Amino acid sequence: MPELLSASAFALWGSPVTWLELVAAVLALAMVGCNMREIHWGWPLAIVSSLLYVVVFANARIYGDASLQVFFAFVALWGWAQWLRGFRADGSALRVSRLSPRGTAYALVACAIAWPVVALFLRRFTNTDVPWWDGFATGLSLVGQFLLGRKFIENWLIWLAVNVVSVGLFIHKGLWLTTALYAVFAVLSVAGFLAWQRRLPKATTKAVPA
């Protein structure tokens, strides 16, 4: 089975696409589709896809994203529990909401801190040749994953930034299938934002804290 997954499924723009990358990409697309519709089964799909992408990214020396996938697999368990049984601080059910101004500020500060911290760590302790780009995608994904788990609509805006930067990163690495996947993710980030916007409570536009 490992030999089959590591075998080339087809070539894309002169670079081989392994069965491992292909399966991970299909599962990731299904995951985003579930997230857009608030279907909790997207979280177990995220676990499997993330574990497959650990190998794909490690082979490409994108260690930040490889480590991030391990984190995603664990956090997906938390996100799954949140979507099944989570609630807000006031005891209300966990529904699609907007961040409060304070929550937005916290999210922006978290992004501003996570990017250089992750990038400097990668530069110091790994042989990656793209620490700052890898650090950006990794650092902001940590924030985006938390906001997704808590059903804050702003998660889609962070994923849009992550996906756009990741497209350039994967082009540089020659991961063409994953490049195409993240280009689709960028479009789905906009679609997800619009879909969740329609799910916001109609009776109130009150934002809630993170």
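This is a predicted model: local features need pLDDT of at least 70, side-chain atom pairs count only at pLDDT 80 or more; totals for chains, interfaces and linings use all residues.

Reader: How many helices and strands does the chain have?

Author: Helices (H or I, at least four residues) and strands (E, at least two) are DSSP runs, numbered from the N terminus. Here there are eight helices and two strands. Along the sequence the pattern reads α-β-β-α-α-α-α-α-α-α.

Reader: What share of the residues counts as buried?

Author: Buried means under 20% relative accessible area, exposed means over 50%, and partly exposed lies in between (1.4 Å probe, protein chains only). The chain has 210 residues, and 49% of them count as buried. For areas, the method is Shrake-Rupley with a 1.4 Å probe; for residues, only the protein chains shown count as cover. The accessible surface of this chain comes to about 10600 Å². Carbon and sulfur atoms hold 71% of that surface.

Reader: What about contacts across the sequence?

Author: Contact means heavy atoms within 4.5 Å. Take the contacts in the chain with a separation of 6 or more: 67% of them join residues 24 or more positions apart.

Reader: Now the helix pairs. At what angle do α2 and α3 pack?

Author: Axes are lines fitted to C-alpha atoms, for helices over the stretch in contact, and angles run from 0 to 180 degrees between N-to-C directions. Helix α2 (residues 19-36) and helix α3 (residues 42-59) pack at about 150°, with axes 8 Å apart. So α2 is roughly antiparallel to α3. The cut-offs are these: under 35 degrees is roughly parallel, over 145 roughly antiparallel, 65 to 115 roughly perpendicular, and the rest oblique.

Reader: Which hand does the crossing of α2 and α3 have?

Author: A crossing is left-handed if the near helix is turned anticlockwise from the far one by less than a right angle, and right-handed if clockwise. The α2 and α3 crossing is left-handed. Residues in the contact include L20, A24, L27 and M31 of α2, and L45, V48, S49 and L52 of α3. By class, 16 are nonpolar, three polar and one charged. Ala, Val, Leu, Ile, Met, Phe, Trp, Tyr, Cys and Pro count as nonpolar, Asp, Glu, Lys and Arg as charged, and the others, Gly among them, as polar.

Reader: Which residues does L27 touch, leaving out those up to four places away in sequence?

Author: L27 lies in helix α2. With those neighbours not counted, L27 touches L45, V48, S49 and L52. L27 and S49 are 22 residues apart along the chain, and their C-alpha atoms are separated by 5.6 Å.

Reader: How do α6 and α7 cross?

Author: Helix α6 (residues 131-149) and helix α7 (residues 155-173) have axes that come within 9 Å and cross at roughly 155°. That makes α6 roughly antiparallel to α7. The crossing is left-handed. Among the meeting residues are W133, F136 and L140 in α6 and I158, W159 and V162 in α7. The contact of α6 with α7 divides into 13 nonpolar, five polar and one charged.

Reader: And α7 with α8?

Author: The axes of α7 and α8 come within 8 Å and cross at roughly 165°. These two helices are therefore roughly antiparallel to each other. α7 passes α8 in a left-handed crossing. That contact has 17 nonpolar, seven polar and no charged residues.

Reader: Is T179 buried or exposed?

Author: T179 is buried, at 8% relative accessible area. T179 is found in helix α8 (residues 176-199). Leaving out residues up to four places away in sequence, T179 touches V167, F170 and I171. L177 also lies in α8. L177 is buried too, at 15%. L177 and V17 are 160 residues apart in sequence, yet 6.7 Å apart in space, C-alpha to C-alpha.

Reader: Where do E38 and K151 lie?

Author: E38 lies in the loop between α2 and α3. E38 is not a glycine, and its phi is positive, near 60°. At 23% relative accessibility, E38 counts as partly exposed. K151 lies in the loop between α6 and α7. K151 has a positive phi of about 60°, although K151 is not a glycine. At 7% relative accessibility, K151 counts as buried.

Terms used
Residues are numbered from 1 along each chain as its sequence is written. Side-chain values use heavy atoms; hydrogens and water are left out.
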